[in-house]
Amino acid sequence: MVFDEGFLRKLEALRLAVRRSISGRREGERLTKRRGGSSDFTSHRSYTQGDEFRAIDWNIYGRLGLLYIKEFSREEALTVRLAIDTSASMAPKFEFAQRLGAALALVANQEAPSMPLPEIENLKVGSPFSVPTVPRGLAIVVSDLWDEGLRQQLMKMRVETAVIHVLSPEELDPPISGKLRLVDSETGESVVRFVGDEERAAYRRLLADHCDAWKKWCFDREMNYLRCSSSTPLEEVVQVYLREAGVLE
Amino acid sequence: MKFENPAALWGLASLILLILFSLWRQASAKVVVPSLLLWKKIPERNPPVRALRRPRWRLELLLQALAVSAAVGALAKPYKETDEPKPRRVALVFDTSARMRAGDRLAKMKKHASQLIQDQLRKDVVTCYDAAPAPRSFKSPDDTHGADGHVDLAPLIAAARANSDLVILYSDHEVEGTLPALFGAPADNAGIVAFSVSDDEAFIRIVNHGAPRKIPILLKTDSAEFRDTIPAGQLTWAHKADYSKAAFLRVAIEPADSFPLDDAVEATRLVGATSLVSLNGLYNEGLVRVFRSMPGVSVMNGELPARVAVGYDRDPGPGDVRVWLYTPKANLAGALKVEKHPLTADLEARVNELSGLTWGEVPALGKPLIRVGDKVAAALQGKELHVCVDVNQWQKGLKSFPIFWVNVVDFAQGAASGLTVVHGGPKANLLDERESDTAGKSQELSLPPATAARNLVRADLSGGAAWSALFFLVLAWLLQLRPD
């Protein structure tokens, strides 16, 4: 995966945007809801057995005679999990997805090295894809979202999730016409259709609806959603669209 | 190319239907899409008419069109006519007379005929005729072979003419109405043309078609050999000797010519497998029994012609040897003496036995065989034997009785009618004198050019068209089976 130096410098200026409070195992730069040892005060709570004595707010105890624990936010490293769809339908835009994933990994690794680049480079298209379970942190899913079963998997995600919907120009506006036997790249199933202007228009409408449905579905679940074409320059996607979508900042 | 059924060519109009049908029902092109999720929601519809204006020419359509065209062509029964000279019916008549064996001209004739068929009669209908010795027809000149005698060409040529436009005669002399291919031989033949032999003389007549010359001759029997030379210009030769005992006699001339078939003749004595003995006159059981006990001898009563005819107190019937057997009226007195003769072989040792018999006198004719005192009791005159003895005494267990009668039968067989000419040359019968002149004439065949008449030869092409249709059809089918 080769990026030019200018693009790498621009990546250095970016960081993953996290709307929710995150939690991770390692202490890092991110403030989490987990109470920890940073100097940023968060709130008070009643003392319970087992709390550290040093966390007791002795000022309140002096004034009110009640034991309150002073809570501070804990700074943790952001755990990022990148899932790139490797199903056969990704073939025409897989290289784009890989490069996008690599760029995101570079950004994420600036905080803490959590996404090894070789893993992304070694991905092969055509293997079954499922979204990995992420206990905490941020999940980024790069997929063409043709698999309806993906919704079920995403719903199980309890972490902040960004869905990057990648479509190839051929998917956005199929350059096909005539009587065709359309074969599904993953299942091998086929249907015969005459594809003319009407069919192409209908397809575009259905695709728009399909994307809107995903967008709404993601919105309802507080997931970031970004649709992009694999023909769009990667720099533009990273610098503009991902920032607009709130995936990067 | 012409068509026997040109109306079938209207079937080519079906090509239009094929193309229209193909345009309407174009095979769908395979396109792999990432997902059918959306395409499945788009309803299927028939191609609009404007889509037909952009036909996609495919190999399948081409093959189908070719198959239809070929099938229509096959139904129209195409044929091709070529103009070729009309085949002639040619007869090759081979003169296979014995004289054609002179030299190697029979082999030359076969070779010439085979070459002729291959080079000039290839497109003609050729039939060969010969007589070996019966007239016959056949296909290959190699099947002809020489006859052992003279062949009459007239019926052969008549048969050949009846069935042919052209008759080519392979012989050594011309025959009217045929195209001669003549093969002569050197004029040097000398051969035997007549031969006769009796018990005391052999005679031959020869012909000499070569230059006058001395011809060595060899006469040979089973027991003797005689060499001589026929003087130049002499055409007969005879030799006198006693051949009455010869089983065979062979005369061979050695003229050193190119035709050895007529250089030798042979005669042999024919001896029947069985000898008939006829008994006439008084019946004597001992006499009958002794003849019946001899192998190859059958006995008949009466006067039938026989090898041995015995007359007991009566004249014998006709036979090679006739035996007069007399009953003695009085016994001869004196010593018995047996003369040496084939008829008395082995009897000399049985004089005592014979002396005990009653003998009578026979007429003193010819050669005496048995004497009693000064009288003759048995004598041979030519082939007539006279014996006067008491047979009733003789046949009562005396060994001299069967010995004598066996001698009689043997003598009769030896005295069978003379030598018989059975063949001349190694295998052939005595050749016809016409076959002796082997020189003949040589003449190259002059074959007339092919007739002006020409044939229209029709080559039927419908089979090829049908096979082509099948081929294109199978190819189109295989093309549809191929993986995308």
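Predicted model: local features only at pLDDT ≥ 70, side-chain atom pairs only at ≥ 80, totals over all residues.
**Entry 1**

Strand β7 of chain A covers residues 178–184, and six bridges tie it to β8 of chain A, residues 190–195, in an antiparallel pairing. I noted two of the facing residues here. R181(A) has V192(A) of β8(A) opposite, and G178(A) faces V195(A) of β8(A).

I also checked the turn of this hairpin. Five residues lie between β7(A) and β8(A), and G188(A) takes a positive phi near 80° in this hairpin.

Putting the strands in order, I get an open sheet of three, β8(A)-β7(A)-β2(B), with mixed pairing. Why do β8 of chain A and β2 of chain B stand at the edges? Each has a single partner strand, so one side of each has no neighbour in the sheet. From one strand to the next, the twist averages 35°.

**Entry 1: the two chains in totals**

I wrote down the totals for each chain, starting with chain A. Its secondary structure comes to eight helices and nine strands. Of its 249 residues, 45% are buried. Chain A exposes about 12,800 Å², with 49% of that supplied by carbon and sulfur atoms. Among its contacts with a separation of 6 or more, 68% are between residues 24 or more positions apart.

Then I did chain B, where I find ten helices and 25 strands. Buried residues make up 43% of its 484 residues. For contacts between residues at least 6 apart in sequence, 69% join residues at least 24 apart.

**Entry 2: a five-stranded sheet in chain B**

I traced an open sheet of five strands in chain B, in the order β6-β5-β4-β7-β8, and the pairing is mixed.

Strand β7 of chain B, residues 166–171, runs parallel to β8(B), and four bridges join them. What is the bridge partner of S171(B) in β8(B)? I found L182(B) there.

Helix α5 of chain B, residues 153–163, lies across β4 (89–94), β5 (125–131), β6 and β7 of chain B. It runs at about 170° to β4(B).

**Entry 3: two residues in chain B**

My next stop was the loop between β8 and β9 (190–197) of chain B, where A187(B) lies. Is A187(B) buried or partly exposed? At 47% relative accessibility, A187(B) counts as partly exposed, because that class runs between 20% and 50%. Its contacts beyond four places in sequence are H209(B), G210(B) and A439(B). I took a closer look at A439(B): 252 residues separate it from A187(B) along the chain, and the two C-alpha atoms are 4.4 Å apart.

For a second residue I picked T221(B), in strand β11 (residues 215–221) of chain B. Here the relative accessible area is 6%, so T221(B) is buried. Leaving out residues up to four places away in sequence, T221(B) touches Y243(B), A246(B), F248(B) and L249(B).

**Entry 4: a cavity search**

Rolling a probe the size of a water molecule over the atoms shows where empty space is left. How many cavities of 30 Å³ or more does the structure hold? I found one. The largest cavity has about 50 Å³ of space.

I listed its lining as L279(B), N280(B), L282(B), Y283(B), N284(B), L287(B), V288(B), N301(B), V310(B) and Y312(B). The elements giving two or more residues to that lining are β16 (275–281), α6 (285–292) and β18 (306–312) of chain B.

Methods: Residues numbered from 1 in each chain as written. Chains lettered and ligands numbered in written order. Heavy atoms only, no water. Buried < 20%, exposed > 50% of the residue type's maximum accessible area, 1.4 Å probe, protein only. Contact = heavy atoms within 4.5 Å. Pairing = 2+ DSSP bridges. Axes fitted to C-alpha atoms, helices over the stretch in contact; angles between N-to-C directions. 1 Å grid on protein atoms, 1.4 Å probe; cavity = no way out; pocket = protein on both sides within 12 Å on 5 of 7 lines; lining within 4 Å. Points joined across faces, edges and corners; volume = space filled by probe spheres on them. Areas by Shrake-Rupley, 256 points an atom, 1.4 Å probe, with all protein chains shown as cover.
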